[in-house]
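Visitor: I'm new to this one. Can you walk me through it?
Guide: Happy to. Let's bring it up.

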Amino acid sequence: MTRLQGSDVVVCPDCRGGLELSERWVGCPCCGWRRSREEGYLPLSLAGAPSHRGIGPRAMHWRPLAKIYERIWRPTFVTIASRRWHDLEAEQTWIEAHLLAAAGGPVVDLSCGPGLMARRMARSDAYAGVYAVDLSTAMLEACVASCRSDSLPVVPIQADVARLPFASRSLAGAHAGAALHLWEEPLSALVEVGRVLRPGGVFVASTFVHPPRYGGRHLIEDAFERLSEVRFYDHDELEGLCAAAGLVRFEARRQGAWILFRAQAVS
C-alpha cells in the first residue's frame with residue numbers, strides 16, 4: 001500500500017484528503033472507502049447511476065458509441081453544428097495555443113471521452129501531468145485502451161465534473177471538449193473548475209450555442225433540447241457562467257451553433 005503518486009493534486013472528492021493506493025484498489029483513509037481499480041482507471045466518483053433521462057447524456061454511457069465516438073460521432077455533430085466540415089487539426093491547434101499558459105504544470109481533460117485531447121496533451125510533453133476525467137465507464141475503458149496502445153502517461157479518473165477529485169489550486173489548465181451541453185449542473189461544474197485551477201490557470205472548452213433564430217428553426221432546436229437534454233447556450237450566458245465561477249478574460253471563436261472559448265482563473 002502506498003500514497004497515491006501526485007497526491008498533492010489528486011484527492012478524495014468528498015473530504016479532499018489524501019488517497020491510498022494498492023495494485024487492486026484506491027481508498028480514502030479519512031472517509032473509510034475503498035474501490036477496485038482493476039479496469040485501469042481510478043474510480044473516484046461518489047455518485048450512483050446517471051440520473052439523466054435524456055438520450056444525449058445517457059448515450060455517453062453506451063459502449064458501442066464509445067467505439068465510434070472519435071471517428072464518426074464527434075466529427076459528425078460538430079460538422080452539423082458549425083455548418084462546415086469539421087477541421088479537427090485546426091480545433092486542436094486553437095486549444096493548444098490557448099493552453100500555453102498551462103505549460104509546465106498539471107492539466108486535466110474533463111469529460112474526456114475516449115481520450116482524444118488527453119492523448120494529444122500527453123504527446124506534447126508540455127505538461128507536468130495529464131489527467132483524463134469522465135463519469136462514463138464505457139468512455140474511460142476506451143480511454144485506457146487508447147492510452148495504453150500509444151504508451152502515453154495519462155491518468156484516467158472516473159469522477160463527476162461537479163465534484164472533482166483535485167486539490168484546490170492544483171492544476172495549471174483544464175479542457176472540456178464538446179462537454180458543457182451535457183453537464184447536468186454546469187454552474188456547479190464551472191465553480192469546481194475555478195476551484196481546482198491555480199490563479200491565472202486557463203480553461204478551454206467547446207459546446208453548443210444558439211444560432212441566429214429565424215422561421216421555424218427555434219422550434220426544432222427547442223424540441224431537440226427537451227428530448228435529448230442537450231443544452232444550447234447563449235454567448236453571454238457562457239461568459240456569465242464563467243464569471244460567476246471566477247473564470248475571467250473570456251474569449252471565444254464561434255461558427256454556427258458551435259463555439260470554442262477560453263477563460264482564466266482569477267489571479
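Visitor: Where does R169 lie?
Guide: R169 sits in the loop between β8 and β9 (171-176). Helices here are DSSP runs of H or I with at least four residues, strands are runs of E with at least two, and both are numbered from the N terminus.

Visitor: Is R169 buried or exposed?
Guide: R169 counts as exposed because its relative accessibility is 57%. The cut-offs: buried is under 20% relative accessible area, exposed is over 50%, and partly exposed is in between, with a 1.4 Å probe and protein chains only.

Visitor: What is phi of R169?
Guide: Near 55 degrees, a positive value in a residue other than glycine. D125 also has a positive phi, of about 60 degrees, although it is not a glycine.

Visitor: And where is D125 found?
Guide: In the loop between α4 and β7. D125 counts as exposed, because its relative accessibility is 68%.

Visitor: Before I go on, what sort of model is this?
Guide: The model is predicted: local features need pLDDT of at least 70, side-chain atom pairs count only at pLDDT 80 or more, and totals for chains, interfaces and linings use all residues. Residues are numbered from 1 along each chain as its sequence is written, and side-chain values use heavy atoms, with hydrogens and water left out.

Visitor: Now the big picture. How many helices and strands in the protein chain?
Guide: The protein chain has 8 helices and 12 strands. Of its 267 residues, 53% count as buried.

Visitor: What about contacts between residues at least 6 apart in sequence?
Guide: Of those in the protein chain, 64% join residues at least 24 apart. Contact means heavy atoms within 4.5 Å.

Visitor: Tell me about the sheet. What is the strand order?
Guide: The order is β5-β8-β7-β6-β9-β10-β12-β11. It is an open sheet of 8 strands with mixed pairing. Two strands pair if DSSP finds at least two bridges between them.

Visitor: Which are the edge strands?
Guide: β5 (42-43) and β11 (247-255), and each pairs on one side only. β11 runs antiparallel to β12 (residues 258-265), joined by 7 bridges. A252 stands opposite F261 in β12.

Visitor: Which helix packs on the sheet, touching β10, β11 and β12?
Guide: Helix α8 (residues 235-244) does, and its direction makes about 155 degrees with that of β11. Axes are lines fitted to C-alpha atoms, for helices over the stretch in contact, and angles run from 0 to 180 degrees between N-to-C directions.

Visitor: Back to β6. How many of its residues are buried?
Guide: 5 of its 5, so strand β6 (residues 106-110) is mostly covered. P106, V108 and L110 point one way, while V107 and D109 point the other way.

Visitor: In which sense do β6 and β7 pair?
Guide: In the parallel sense, over 5 bridges, with β7 covering residues 129-134. The bridge partner of V108 in β7 is Y131.

Visitor: On to helix pairs. How do α3 and α4 pack?
Guide: Helix α3 (residues 88-98) and helix α4 (residues 116-124) pack at about 60 degrees, with axes 12 Å apart. That makes α3 oblique to α4. Under 35 degrees counts as roughly parallel, over 145 as roughly antiparallel, 65 to 115 as roughly perpendicular, and the rest as oblique.

Visitor: Which residues in α3 and α4 meet?
Guide: L88, E89, Q92, T93, I95 and E96 in α3 meet L116, M117 and R120 in α4. They divide into 4 nonpolar, 2 polar and 3 charged. Ala, Val, Leu, Ile, Met, Phe, Trp, Tyr, Cys and Pro count as nonpolar, Asp, Glu, Lys and Arg as charged, and the others, Gly among them, as polar.

Visitor: Is Q92 buried or exposed?
Guide: Q92 counts as buried, because its relative accessibility is 6%. Leaving aside neighbours within four places in sequence, Q92 is in contact with L116, M117 and R120. The C-alpha atoms of Q92 and M117 are separated by 7.6 Å, and the two residues are 25 apart along the chain.

Visitor: Last one. At what angle do α2 and α5 cross?
Guide: Roughly 45 degrees, and the axes of α2 (residues 63-82) and α5 (residues 137-149) come within 8 Å. That makes α2 oblique to α5. R63, A66 and Y69 in α2 meet T137, A138, M139, E141 and A142 in α5. By class, that contact has 5 nonpolar, 1 polar and 2 charged residues.
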